[in-house]
Amino acid sequence: MRIRLLTLALAAFTLPGIALAQPSQPRALDGQFTREGITLHYQDATGALAAPARQRIVDTFYSAYLRERADFHPAAPAEVHIVIDPAYDGVAYVGEKDKASTITINPGWLVKHPDDIDLVTHEAMHIVQGYPSYGDTRVPGWLVEGIADYARDRYGTDNAAAGWALPEKVGKGQSVESGYRVTGAFLKWAEAGHPGLVLALDKALRNGQYTLALWQQHTGKGLPALWAEYAKPRSDAPPPAPARGGKR
């Protein structure tokens with residue numbers, strides 16, 4: 001009884017200028033940033049990510065986007081939006097049409113994988129790409145995603161911490177059209193042998209002029225032959241079994 005009375009008394013008593021603590025409520029962590037002529041609008045209406053996470057996202061965006069834009073498409077948007085959306089159950093994506101310069105991120109993913117910050121680098125490259133379509137013969141999806149992962153490898157700030165890297169092997173069933181890291185690793189290899197190839201592919205995709213003939217034009221080999229040259233020494237396929245029989 002005494003404990004209850006004391007609790008009631010404290011609830012009714014407030015010292016001048018002091019209020020009892022109330023349960024904390026999520027606060028929006030929106031913000032606007034401008035660096036080197038690029039404006040970023042950051043929107044986190046529910047405060048799903050803490051301020052340090054927001055700062056890492058912003059810093060990673062600028063580190064990647066400024067270089068990607070300068071190297072591949074200086075006319076890419078100078079105004080970009082990043083939206084933190086707890087209702088989105090994927091990882092991250094860039095929208096289309098009026099959302100083509102908006103990166104939407106699932107905060108739950110970054111809470112579980114806080115070091116996967118270079119997902120921002122991948123998505124920022126999609127804004128730089130700004131291709132007229134996605135998934136058709138002029139702009140094949142495997143190549144779009146391959147270039148974005150090539151860019152993540154090239155411009156990423158901390159891929160190692162996330163355990164993210166381009167593969168050194170070609171797995172069973174994988175092909176140049178596997179996209180993402182598989183295609184990104186192939187592009188890195190092809191670019192090393194034929195400097196300017198990725199830039200040429202990117203430009204053609206943006207102008208709606210991509211054709212398979214571009215591979216022959218820039219490397220001297222068709223895409224199937226180029227992939228075979230890359231994949232053969234990197235294949236995970238087991239070596240052929242030794243022939244049975246023969247002289248003893």
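**Reading a fold, from one histidine outward**

Me: Leaving out residues up to four places away in sequence, I find that His122 touches Glu145, Ala148, Asp149, Arg152 and Tyr180. In which helix does His122 lie, and is His122 buried or exposed?

Reply: Bear in mind that this is a predicted model. His122 belongs to helix H4, which covers residues 119–129. With a relative accessible area of 7%, His122 counts as buried, because that value is under the 20% cut-off.

Me: Which side chain makes a polar contact with that of His122?

Reply: The partner is Asp149, whose side chain is joined to that of His122 by a polar contact of 2.8 Å.

Me: Tyr180 was also in the list of residues touched by His122. What should I notice about the phi of Tyr180?

Reply: The general idea is that most residues other than glycine have a negative phi. Tyr180 is not a glycine, and yet its phi is positive, at about 45 degrees. The residue sits in helix H6, which spans residues 180–193, and Tyr180 is partly exposed, with a relative accessible area of 43%. Lys97, not a glycine either, has a positive phi of about 55 degrees; Lys97 is placed in the loop between E4 and strand E5 (102–105), and is exposed, at a relative accessible area of 78%.

Me: How should I read the sheet, and what is the order of its strands?

Reply: In general, the strands of a sheet pair through backbone hydrogen bonds, either parallel or antiparallel. Here the five strands form an open sheet in the order E1-E2-E3-E5-E4, and their pairing is mixed. Strand E1 (31–35) and strand E4 (92–94) are the edges, each pairing on one side only, and neighbouring strands are turned against each other by 15 degrees on average, if direction is ignored.

Me: What can I learn from the buried residues of H2?

Reply: The idea to carry along is that residues three or four places apart in an α-helix point the same way, because there are 3.6 residues a turn. The buried residues of H2 include Ile57, Thr60, Phe61, Ala64 and Tyr65. Among these, Thr60 has a relative accessible area of 5%, and beyond its neighbours within four places in sequence Thr60 is in contact with Ile117, Asp118, Val120, Thr121 and Thr157. Thr60 and Ile117 are 57 residues apart along the chain, while their C-alpha atoms are separated by 7.2 Å.

Me: Which residues have the most contacts inside the largest nonpolar core?

Reply: That core has 59 residues, and those with the most contacts inside it are Ile57, Phe61, Tyr65, Ile82, Ile105, Tyr210 and Trp215. Ile82, apart from residues up to four places away in sequence, touches Leu40, His41, Tyr42, Gln43, Ile57, Phe61, Ile103 and Ile105.

Me: How many helices does the whole chain have?

Reply: The chain has nine helices, together with five strands, and buried residues make up 40% of its 248 residues.

Terms used: Residues numbered from 1 in each chain as written. Predicted model: local features only at pLDDT ≥ 70, side-chain atom pairs only at ≥ 80, totals over all residues. Heavy atoms only, no water. Pairing = 2+ DSSP bridges. Helix = DSSP H or I, 4+ residues; strand = E, 2+ residues; numbered from the N terminus. Axes fitted to C-alpha atoms, helices over the stretch in contact; angles between N-to-C directions. Core = buried A, V, L, I, M, F, W, Y, C linked by side-chain atoms within 4.5 Å. Buried < 20%, exposed > 50% of the residue type's maximum accessible area, 1.4 Å probe, protein only. Contact = heavy atoms within 4.5 Å. Polar contact = N/O pair within 3.5 Å; in protein donor to acceptor, adjacent residues only side chain to side chain.
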